[in-house]
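This report examines selected local features of the structure shown below.

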Amino acid sequence: MSTAPPPVQARDASPTGRLAPVVPLGHRPRPRVPRTPALGWAAIAVAVVLAASPLADGYFDFSWWGAIALGAMVLLVVLAGVARPAFTRYGALACAGLAILLALSAASMLWAESKDSAWTEVNRLALYAALFAVVLIAVRDRRTARVVIVILGSAALLASLWLCLSLLFGASQGAFLTRRLNAPIGYINGTACLLVMGVWPWLALAESASRRLTRAGALAGASLIAGMLVLTQSRAVLPAIVLSAVLVVSCTGGRTRRAVNLILLGAAVAAGLPWTLAVYSTGGAAGRLLLPGHGLLRAAAAAILLAAAGAGLVRLALGRLADRLEPDLREQGLRRLGFALAGAAIACIAVGSVVGAPFIAREYRAFTALHVNANAATRFTDASGYRYDLWRVAAHEFEQHPLGGLGAGNYDAEYYRLRRNPEYVIAPHSLELQIAAELGVGGIIGLLLLCGAILAACWARRGTLASGDRLVKVAAAGMFLAWLIDTSVDWTYDIPGLAGAAIVAAALLVVPARSPGTAAVRRSRRAQAAAVLALAVLALLAASVGRQYAAARYQQAGAAEVASSPRAALGTLSEAEKLDPYSLPTLYSLAAAYAREDDYQAARGALLLAEAREPDNYVPPALLGDLAVRRGDASLAAAEYRRALDLNPTDPALRQSTAP
């Protein structure tokens, strides 16, 4: 008969040398270590939603991003109940920057002329903060981070592939506006931003994948996206792709391979230029009023596909050649190639700065002259336009309101009175200038904290999850930097599908590195108090988004009823006004409904209330003039139009209305 082994006594590891409890050898219990649950599904769900944004114009409409914001906040509450966030110093600084921007935006409702615009900006920023927090809490391993970044990159790749094949088979003419690729975002520069961000995950995969075929396919995909990028004729992509390339090449190891991939991508784009540039240039200025011909589009699509395939094949051949070399010889060759490329880059910059000086001076004069060169064969080498005036107005607003700014979303409160160009915009086409004009010095500090922390994380060698994974580091850094540079000369910050993807990429850069099986840590009382405070703020933000979202839905429904059933519209719009008394579109729709009911005094009262809400807005007095014309009161109409013209002196319609 077998007997159980006798119990043994083990020495305690403590300095006292006390004996540990007697435990039979065959019955020792395993220590129970509490583990945090797998949360990666939450970050992956966020990535899937953002990757689908091209199907809905980048979620630009509040009816889309308002619902997504509410969903993200619910998701954040669920995560907060089962996991404790961990912060690197980069993540803590980025969160501090977001908190400053959010607090200042909310506070600016006290002094902003358009409280409705300020409220909208608060809710949009709350969405970005919620997305950042979800990723910071949910991503806990490299595999999840890789899945998230590849999903984000798939939006640009799938959109490019679909559009390219559609062009090849004679469809998608409607994807162009003035001979420039407009779809799928519905805003040309927004489409360009989607593509320039989407290049980077595939460049990262082309560098880090273990299989040669995967590396070649990823580079072909990146080249396909870059080829489609040319069809947008968006000038913002030039600084975005060049500066992001320089920064990403320098931020982590593998620089020579990364530079070679970028050279192959550039060669693929250059090979297709005779056909891709022809889509815009053929027919001159008059031809841009027409849709591009099927022949032009087929040729461009074929050139893009062939060039992308060629880049992939060259990458495959180079990979096979490199694998045949001895490791020491291969590394030695890479070092020599890296030095040669660095020297060539320095020489190109030096020669280009000298040779290109006259061109740069000429284009700077065109940039500040405030005119559009409609006859330019390509926009990529033409700096004419009105962007300089938009920036001038923003700088003037910051000079006049340096402390608190005009209020979030209120750049246009003074724009129409100060402008010297015919553009109708609500943002200065520069994130930095927008923050300065709207939130003042405090906003600049918040933005510097946020972006500075993310940029510092790009060069972090340890402590973050991305610092140990080249795919995540290169892809996330490239996406965020490309978006940041692009939105520095455009307004893609206001397109949640694009800005949200950039925020997720930024969060991946500051996620802390965690050891496998990291145990959950019990919250201290101070941490519990902070969590309660954070949940209270989150509840307030959710209530803010929900209230404005409900008001917007009522307003849209009421506006749709004005023409067919004005009486029913009045009831619906009254509900919208109760929820959002600051909304001028609601008051405009109310005035239209009263006018259809022949209630002149009520219609005029709604417009006078709108004018009282925003005294510097030229639209209410212009609409009051239209209402007076309908009433037959010519003298009152002229007075109202003159008041509108004072607020918008360059509007041609108002000038005509006030002409003797």
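## Cysteines

Cysteine 458 is buried, because its relative accessible area is 0%. In this predicted model, the cysteine sulfur closest to that of cysteine 458 belongs to cysteine 251, and at 5.9 Å the two are too far apart for a bond. A disulfide would require the sulfur atoms to lie within 2.5 Å.

Cysteine 451 likewise takes part in no disulfide; its nearest cysteine sulfur is that of cysteine 458, 11 Å away. Cysteine 451 counts as buried because its relative accessibility is 12%, a value under the 20% limit. By the distance rule, the count of disulfides comes to 0.

In soluble globular proteins, nonpolar side chains tend to be buried together. Here the largest nonpolar core comprises 147 residues, of which Phe132 and Trp483 touch the most other members. Helix α4, residues 115–138, gives the most to this core, contributing 15 residues.

With residues up to four places away in sequence left out, phenylalanine 132 touches Ala94, Cys95, Leu98, Ile454, Ile503, Ala506, Ala507 and Val510.

## Helix α14

Helix α14 runs through residues 357–368, 12 residues in total. At 1.5 Å a residue it should span 16 Å, and the 17 Å between its end C-alpha atoms agrees with this. Within α14, Glu363, Ala366 and Phe367 are buried. These residues cover an arc of only 100 degrees around the axis, which puts them on the same side of α14.

Among the elements covering the buried residues of α14 is α15 (387–400). The face of α14 turned away from the buried side carries Pro358, Tyr364 and Arg365, which are exposed. After α14 comes leucine 370, with a positive phi near 60 degrees.

Most residues other than glycine have a negative phi, and most peptide bonds are trans. Arginine 179 is not a glycine, yet has a positive phi of about 65 degrees. Arginine 179 sits in the loop between β1 (176–177) and β2, and counts as buried because its relative accessibility is 7%. Aspartate 598, also not a glycine, has a positive phi of about 60 degrees. Aspartate 598 is placed in the loop between α22 (584–596) and α23 (600–613); with 67% relative accessibility, aspartate 598 counts as exposed.

The peptide bond joining alanine 183 and proline 184 is cis, with omega about 10 degrees. Proline 184 belongs to the loop between β2 (180–181) and α6 (188–208).

Is histidine 429 buried or exposed? At 8% relative accessibility, histidine 429 counts as buried. Its place is in the loop between α16 (412–418) and α17 (431–458).

The side chain of histidine 429 makes a polar contact of 3.5 Å with the side chain of tryptophan 491. Setting aside neighbours within four places in sequence, histidine 429 is in contact with Tyr187, Arg387, Leu390, Trp391, Ser488, Val489, Asp490 and Trp491.

Conventions:
Residues are numbered from 1 along each chain as its sequence is written. This is a predicted model: local features need pLDDT of at least 70, side-chain atom pairs count only at pLDDT 80 or more; totals for chains, interfaces and linings use all residues. Side-chain values use heavy atoms; hydrogens and water are left out. Helices (H or I, at least four residues) and strands (E, at least two) are DSSP runs, numbered from the N terminus. The expected span of a helix is 1.5 Å times one less than its number of residues. Buried means under 20% relative accessible area, exposed over 50%, partly exposed in between (1.4 Å probe, protein chains only). The arc is that of the directions from the helix axis to the C-beta atoms. Contact means heavy atoms within 4.5 Å. A nonpolar core is a set of buried Ala, Val, Leu, Ile, Met, Phe, Trp, Tyr and Cys residues joined through side-chain atoms within 4.5 Å. A polar contact is a pair of N or O atoms within 3.5 Å; within protein, one must be able to donate a hydrogen and the other to accept it, and residues adjacent in sequence count only if both atoms are side-chain atoms.
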